[in-house]
Amino acid sequence: MRILITGICGFVGSELACTLADHGSTTHIVGIDNLSRPGSWNNRERLTERGIKVIHGDIRCSADLDSIGGCDWVIDAAANASVLAGVQGSTSSRQLVDNNLSGTINLLEFCKVHKAGFILLSTSRVYSIAALSQIPVEVRLGAFIPQSSAYGENLSEAGITETFSTAAPVSLYGATKLASEVLALEYGAAFDFPVWINRCGVMAGAGQFGRPDQGIFAFWLHSWREKRPLKYIGFDGQGHQVRDCLHPRDLVPLLMKQIAEPARSNKPRIVNVSGGLDSARSLAHLSQWCSSRWGHHPVKSDPEPRPYDLPWVVLDSSLVAHTWNWHPKTCIEIILSETADFAEAHPDWITSSL
C-alpha cells in the first residue's frame, strides 16, 4: 500500500509518517512539502534517515503532484494552520486560500485520477466563532468551564459535538478547511473514492514549531524555558482560556482503521478527534506546570482580545470512540514532559521555528 502524506515535513506530517512507517514493510510512505516553514528542513533530514521519500514540491502546483505517481491513499496534513493567517502576519488572504483550498482541490483531482482514498485532517476551527463565544463560562480552579446551562445536543459535558454550528464567521483559515471538507465529500461521492474527515483538536508534542497562534502548548513551554516574554491575552487577562490537545501519533490507529474500512461503509464521514477534557488545560495551568519544572517566570496581562480568540474550545470525541473504538493513548502529562525534555535539548527552538 502506497500512502502520500502532504505537508510531510511539518510537525503533524512527519510524526504521522514515522509512526505509519513502523507498521511494517507493506506500507510505503511518500511525502510532499514545499519546505516553507522554518524548521521543516530538520524534519526532512529525519524522514530521509528513516528511508521515507520526501519530494520538494507544492500541492498548489498540479504538475508537482503528477510527478508522484499513483497512490492508494492521500493523507492531507498540509495547511497554513494559523487562525490569524490571511489577516495578520506575512501570509495574504489569497495565499491562504490558495494553500489551504486550491491545494485541496488539486489533491482531490489526484485522488479522482488514481482512485485513491482521501483523509483530510481538519480542525476545531470550523465551528462558529459567534456560537462558541456565546457559550457562558465561569472560572473554576484556574480555568474557564461552561456553565451547566450551556449543555445540550450540540455541546455535551464532554465538549463540542460534530453538530455544533459551523456558521460564519469561523476565520478565513476555518473557512478554507470547512470548504475543503465539503469539496472532499462531494468529490468522493461523484467519483467513487473513500473520504474521511477528522476534525482535530490542538496538536501538541515534542518537536512542534511553537507559535502563539498555533502550537500553543509547545510555544508556552519553550518560551518559559528560554525565558522569553509571555502574555495572557484577552478575556480576563489571567490565562483562563482553555484548549484540549492531541499528539499526532495517536491519530495513526484511527487512520489505519479508516484505510481498512470498505469504501461504501455507512460509518460517519466526519468525526471530532482530540484528547478531550482529560487533555484540556488553560494557559494558567501551563504556567503552573512550567513553574514546577523550571521555576518562576513572569507573565504579563493584556485583557485586550485578539481576533478570533475564544475562551473555551474542547472537542467531544464520543462519536469517534463509539464508531471506531478510538481513544488517545498519549496523556497530557506525557505530552508536556516530552515537550519539556525536547526544549531542554534544543534551547533556542523558538528562535529557529519562528
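## Aromatic pairs and a buried threonine

Trp324 is buried, with a relative accessible area of 4%. That value comes from a predicted model, so it counts as buried because the cut-off is under 20%. The charged end of Lys267 sits over the ring of Trp324, at 4.3 Å from the ring centre.

Let's turn to the ring pairs. Searching the whole structure gives eight aromatic pairs. Two of them are set out here.

| Pair | Centre to centre | Angle between planes | Geometry |
|---|---|---|---|
| Phe144 and Phe235 | 6.2 Å | 80 degrees | edge-to-face |
| Trp196 and Trp324 | 5.1 Å | 85 degrees | edge-to-face |

Where do the partners Trp196 and Trp324 lie? Trp196 belongs to strand 10 (residues 195–200) and Trp324 to helix 11 (residues 318–324), so their pair ties together parts 128 residues apart in sequence. Trp196 is buried too, at 1% relative accessible area.

The phenylalanine pair also bridges the chain: Phe144 is in strand 7 (residues 143–146), while Phe235 is in the loop between strand 12 (231–233) and strand 13 (242–243), so parts 91 residues apart in sequence are tied together. Phe144 is buried at 9% relative accessibility, whereas Phe235 is partly exposed at 31%.

Elsewhere, ring pairs join Phe209, Phe342 and Trp349 into a cluster. Another lysine, Lys112, lies over the face of Phe191, 4.8 Å from the ring centre.

Finally, have a look at Thr176, in helix 6 (residues 172–191). Thr176 is buried, with 4% relative accessible area. Leaving aside residues up to four places away in sequence, Thr176 touches Leu96, Val97, Asn100 and Leu101.

Key:
Residues numbered from 1 in each chain as written. Predicted model: local features only at pLDDT ≥ 70, side-chain atom pairs only at ≥ 80, totals over all residues. Heavy atoms only, no water. Helix = DSSP H or I, 4+ residues; strand = E, 2+ residues; numbered from the N terminus. Buried < 20%, exposed > 50% of the residue type's maximum accessible area, 1.4 Å probe, protein only. Contact = heavy atoms within 4.5 Å. Phe/Tyr/Trp six-rings, centres within 6.5 Å; stacked < 30°, edge-to-face > 60°. Lys NZ or Arg CZ within 6 Å of the ring centre and 35° of its normal.
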